[in-house]
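Open the model in your viewer and keep the sequence beside it. This tour tells you what to select at each stop.

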Amino acid sequence: MRIDDIKSHGLLLFEVVSGSRALGLHTENSDTDLRGVFCLPKRKFYGLEYIPQVSNVTNDIVYYELGRFVELLI
């Protein structure tokens with residue numbers, strides 16, 4: 001599963017800006033970091049295709065599956 005798949009299938013629950021831009025410490029050369037939470041379709045969640053996290057190549061965008069997000073909160 002890719003970030004585009006999560007968005008196109010309406011699985012993204014929320015997305016926030018993080019990193020230097022969220023803290024107001026960015027410069028004109030800073031990138032934009034995004035974090036989000038998504039839910040997996042039942043067949044992937046209960047099957048052998050559980051995906052705890054999805055990110056782009058540079059890790060500027062990272063989305064956590066809802067269960068994994070709760071684990072990180074704990």
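## Stop one: a nonpolar patch

Select Leu13, Phe14, Val16, Leu66, Val70 and Ile74: together they form a nonpolar patch on the surface, with about 570 Å² of accessible area. Keep in mind that you are looking at a predicted model.

Now colour the patch by element. Strand E1, residues 12–18, and helix H4, residues 66–73, each supply at least two of its residues. Which element gives the most to the nonpolar patch? Strand E1 does, with three residues.

Is isoleucine 74 buried or exposed? Its relative accessible area is 85%. Isoleucine 74 therefore counts as exposed, since the cut-off for that is over 50%.

## Stop two: the end of strand E1

Go back to strand E1 and select Ser18, which lies in that strand. Its relative accessibility is 17%. Serine 18 counts as buried because that value falls under the 20% limit.

What does serine 18 touch? Show Asp33, Leu34 and Arg35: these are its contacts once residues up to four places away in sequence are set aside.

## Stop three: a loop with a positive phi

Move to the loop between strand E3 (53–55) and strand E4 (61–65), and select Asn59 there. Asparagine 59 is not a glycine, yet it has a positive phi of about 60°. Its relative accessible area is 41%. That lies between the limits of 20% and 50%, so asparagine 59 is partly exposed.

## Stop four: the whole chain

Clear the selection and switch to a cartoon view. The chain has four helices and four strands. Trace them from the N terminus: the order is α-β-α-β-α-β-β-α. Along the principal axes, the C-alpha trace spans about 45 × 30 × 20 Å.

Switch to a surface view. The accessible surface of the chain is about 5200 Å². Carbon and sulfur atoms account for 56% of that area. Of the 74 residues in the chain, 26% are buried.

Last, colour by charge. There are 8 positive and 10 negative side chains. The centres of these two sets are 7 Å apart.

Terms used:
Residues numbered from 1 in each chain as written. Predicted model: local features only at pLDDT ≥ 70, side-chain atom pairs only at ≥ 80, totals over all residues. Heavy atoms only, no water. Buried < 20%, exposed > 50% of the residue type's maximum accessible area, 1.4 Å probe, protein only. Areas by Shrake-Rupley, 256 points an atom, 1.4 Å probe, with all protein chains shown as cover. Lys, Arg positive; Asp, Glu negative; His and termini not counted. Charge placed at Lys NZ, Arg CZ, Asp CG, Glu CD. Patch = residues over 30% accessible without salt bridge, like charges linked within 9 Å, V, L, I, M, F, W, Y side chains within 5 Å. Salt bridge = Lys/Arg side-chain N within 4 Å of Asp/Glu carboxyl O. Contact = heavy atoms within 4.5 Å.
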